[in-house]
Amino acid sequence: PDIQAFIRAKRDVDFHAWRLNISVFVSDEFLTAARTGQLWPLHDYAGQVVDHVDAEAVLRQIADCACYCGEPGVLFKDRIDEDNPIPDAPFISTAPCAELAMAEGDGCHFSYINVGALVRDGQVDLERLGLVAAGITRMLDATIEITVRGVGHVLDRVGRSRRIGVGVTGFADLLARLKIPYAAPEAVALASTLAEHLDFHTKAASVALARERGAF
């Protein structure tokens, strides 16, 4: 029953003071109700229906607040449940920036590559990027081993999913060193190339790790 207040939580306050992102779980059933002009039941925390709201109006309220301050986000619950590699550990939340769905007791280890440091002779050293990406993938998987060692069932899901994230930082520095304007088509093409290499080499390293440490 607090959903509308939750949606507006950052609308009427100094949202810069917040230290977390908020998102609304949205099901396929709710989206169908919004498209067809149906009312949507509001449940209390005991599961009892206490009221009904216009589903389309709620969706528009989410969009309006997101346009105003970037919050709340929308999580397509049915889709992320379909992609859950451990179905018996349902997703209940997300990582702080909402880029990753999380189950109870779940975790994900992150690290970043400073692409601004990969310029060699006026070009991006893609071979070095691949080596660094593979190395960070192994490093993060090793941190999972350290995390779950001796902890037991509390972090069982961390060991079962072995989720990691490898991102980039220093992209603006990279563009400056290559003398490429941020809004130029060349910047978009470079970002695509970096993402492609990052995706390939991290996945290749994960395949090698699966051969050594077992499937996950």
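**Figure 1. Cover over the buried residues of helix H7 in the predicted model**. Strand E8 (119-120), strand E9 (123-124), strand E10 (164-169) and helix H8 (185-213) are among the elements that cover the buried residues of H7. This view, like those that follow, is drawn from a predicted model.

**Figure 2. The two sides of helix H7**. Within H7, which comprises residues 171-178, the buried positions are Phe171, Leu174, Leu175 and Leu178. These four lie on the same side of H7, because the arc they cover around the axis is only 95°. An α-helix has 3.6 residues a turn, so residues three or four places apart point the same way. Ala172 and Ala176, by contrast, are exposed on the other side of H7. After H7 comes lysine 179, which has a positive phi, near 60°.

**Figure 3. A nonpolar surface patch that includes leucine 20**. Val13, Trp18 and Leu20 together make this patch of about 250 Å². Leucine 20 is located in the loop between helix H1 (3-7) and strand E1 (23-26). Its relative accessibility is 46%, and therefore leucine 20 counts as partly exposed.

Figure 4. The C-alpha trace spans about 65 × 50 × 35 Å along its principal axes. Buried residues account for 31% of the 216 residues. The protein exposes about 13,200 Å², of which carbon and sulfur atoms supply 56%.

Terms used
Residues are numbered from 1 along each chain as its sequence is written. This is a predicted model: local features need pLDDT of at least 70, side-chain atom pairs count only at pLDDT 80 or more; totals for chains, interfaces and linings use all residues. Side-chain values use heavy atoms; hydrogens and water are left out. Patches are made of residues with over 30% relative accessible area and no salt bridge: like charges are joined within 9 Å, nonpolar side chains (Val, Leu, Ile, Met, Phe, Trp, Tyr) within 5 Å. Accessible areas come from the Shrake-Rupley method with a 1.4 Å probe; for residues, only the protein chains shown count as cover. A salt bridge is a side-chain nitrogen of Lys or Arg within 4 Å of a carboxyl oxygen of Asp or Glu. Buried means under 20% relative accessible area, exposed over 50%, partly exposed in between (1.4 Å probe, protein chains only). The arc is that of the directions from the helix axis to the C-beta atoms. Contact means heavy atoms within 4.5 Å.
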